[in-house]
Every structure is written in structure tokens, then in C-alpha cells.
Amino acid sequence: MALFICFLSLLLFSSATACDRCLYQSKAAYFSKANALSSGACGYGSLALGLSGGHLAAGVSSLYKDGAGCGACFQIRCNNSTLCSSKGTNVTITDINHNNQTGFVLSTRAFMAMANHGMGQHVLKLGTVEVEYKRIPCEYKNQNLAVRVEESSQKPNYLAIKLLYQGGQTEIVAIDVAQVGSSNWNFMKRNHGAVWDTSRAPNGALQFRFVVTSGYDGKWIWAKTVLPADWKSGVVYDSGVQINDIAKEGCFHCDYSHW
């Protein structure tokens, strides 16, 4: 138990060391292929298009966070006031950007959405633009956190799940699973991106508990009945819980004067 508490404390600390409310400077490029980001490292596949209307982004490793950053929402605007609007656009992280020349690689739709009216093609011609960005809460109104059972799952032991509609400014850093009504919890590990798995899936209907961080705050969220005993691969199940926490840490070098 002591080892688990130390491990959990490390997870909470490592996920909360960066300021989640600050304004940053970077560069952004775009993918010319529409499906590039939906098939990204987070593992959302075609479901990514339902997260932010196709306004998707690949973020550098400090934003991807070994998969913990999957599903995070950012407001991005380019610094060219002639071509770009002051509002910018909101995007969801669905992939990792291995090119350190830019902080983000956006979907074409998101890249053009930064432009002033009628200037979308002009912005595309730039290829790469200087941007300001900040993390914002993800909003899924009237939508609970959802659990999708992956096709790789094999009863009775192996279970792989994907998390969808994770709201707020949050990261899920640990997941446990148990049979409904049992206190015998088994931990799951992050397979990749937003996909978690275990080779010790309990029998029967399943409950989950999640360690959720928001800024410097972390807490358990308990979803008491999620998967039925006859769960099936490829099906999305409602967790019955909403996640909407907002980062509460103070930032000494944040600049909100232009937002």
C-alpha cells in the first residue's frame, strides 16, 4: 500500500508541474490530409472528429505527456493580425507532434479557422505561423465520460478501453477496475494515448475509479457501474460521471492581457 501511495503521489506531482492556465508562444503548421490527426497516437480513430468538430491538433511531447495530454483542449491564435482573428480557434489534442520546429500541427480546418473571414486560403499559403496558445476547459454539455471497449479485448481476462469526452482541464493518470460490489481492485496501465488495458479483468459487471488531476489538485472519481457483464467490443458505454474540473494553480508569469 505504501508503494502504491508513493507511486500515486509521483503521478500527481508529475502531471501538475506545468502551468495549465498560462499563455505561451509557439508556432503551428497543418496537415494537408484530413484523416492524419484522427488516426493519431491517442488512438481515437474516427471518433476524434466528434470531439471538436474536426478541429484537431498534434502537440509536442510536453503537451502530449505520454498520452495523458490526449483529449486536452487549447485555444490557439496566430499573431498575424492582418490575416488572423483575435479569437483564434479551439482544438483537441489527438496526436503527438515529433517535429520540434512547431509546437502544434493542426488539421486544415483548425488552421483555417484562425483566419479572419475570407482569409483562410491566405493563411494556408503561409504553411507555418507564429501563435499564442493557452489550455482551456473541454466542454461536453450533458455528456458524461464515456468508456469504449476496444476490439483487441478478449474475454475473460484481457480488457482494453478508450476514454472519451473527458471534460475540464484535467488529466486521468491512473485507473482501477473491479467487479461491481467488490473491493478487490485491479490497476490498469496506459497502453497508448487514451487507451488503457489489463490482463486481469474481473468477471461480471465492472466498475472503475479514476485518478483525475487538475492543475495541482488530484482526486478519485468513482464510476460505480459502467460495463455490463456481457460487455462487447466496439461499444461505447456511459460512465455515469462527468469530469469538469478547472485548473486552480497560480501562475507567476501568465499573461492574459490580450485575451
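Predicted model: local features only at pLDDT ≥ 70, side-chain atom pairs only at ≥ 80, totals over all residues.
**The Cys73–Cys138 disulfide**

- The sulfur atoms of Cys73 and Cys138 lie 2.0 Å apart.
- Cys73 has a relative accessible area of 8%, under the 20% cut-off, and therefore counts as buried.
- Cys138 is buried too, with a relative accessible area of 5%.

**The Cys42–Cys70 disulfide**

- Cys42 is joined to Cys70 by a disulfide with an S to S distance of 2.0 Å.
- Here the torsion about the S-S bond is about -90°, so the link between Cys42 and Cys70 is left-handed.
- The two cysteines sit in distant parts of the chain, 28 residues apart: Cys42 belongs to the loop between β1 (23-31) and α2 (49-52), and Cys70 to the loop between α3 (61-64) and β3 (73-78).
- Both Cys42 and Cys70 are buried.

**The Cys78–Cys84 disulfide**

- Cys78 and Cys84 are also joined by a disulfide, and its S to S distance is 1.5 Å.
- The link of Cys78 and Cys84 is right-handed, with 115° about the S-S bond.
- Cys78 is buried at a relative accessible area of 5%, and Cys84 is buried at 4%.

**Nonpolar cores**

- In soluble globular proteins, nonpolar side chains tend to be buried together.
- The largest nonpolar core in this model has 24 residues.
- Those with the most contacts inside this core are Leu159, Leu163, Ile172, Phe208, Phe210 and Leu227.
- Five strands each supply at least two residues of this core: β7 (146-149), β8 (159-164), β9 (171-179), β12 (206-214) and β13 (217-227).
- Another core, of 23 residues, lies apart from the largest one, and its members include Ala28, Ile76, Phe104 and Val131.
- Which residues does Leu163 touch, leaving aside those up to four places away in sequence? They are Tyr44, Leu145, Ala146, Val147, Ile172, Ile175, Ala194, Trp196 and Phe210.

**Thr92, a residue of strand β4**

- Thr92 lies in strand β4, which covers residues 89-96.
- Is Thr92 buried or exposed? Its relative accessible area is 1%, so Thr92 is buried.
- Not counting residues up to four places away in sequence, Thr92 touches Leu51, Ser52, His55, Leu56, Ala57, Gly71, Ala72 and Cys73.
- One of these contacts, Cys73, leads back to the disulfide that Cys73 forms with Cys138.

**Leu126, a residue of helix α5**

- Leu126 lies in helix α5, which covers residues 120-126.
- With a relative accessible area of 41%, Leu126 falls between the 20% and 50% cut-offs and is therefore partly exposed.
- Apart from residues up to four places away in sequence, Leu126 touches Asn80 and Leu83.
- Leu126 and Ala29 are separated by 97 residues in sequence, while their C-alpha atoms are 8.9 Å apart in space.

Technical notes. Residues numbered from 1 in each chain as written. Heavy atoms only, no water. Core = buried A, V, L, I, M, F, W, Y, C linked by side-chain atoms within 4.5 Å. Buried < 20%, exposed > 50% of the residue type's maximum accessible area, 1.4 Å probe, protein only. Helix = DSSP H or I, 4+ residues; strand = E, 2+ residues; numbered from the N terminus. Contact = heavy atoms within 4.5 Å. Disulfide = S-S within 2.5 Å.
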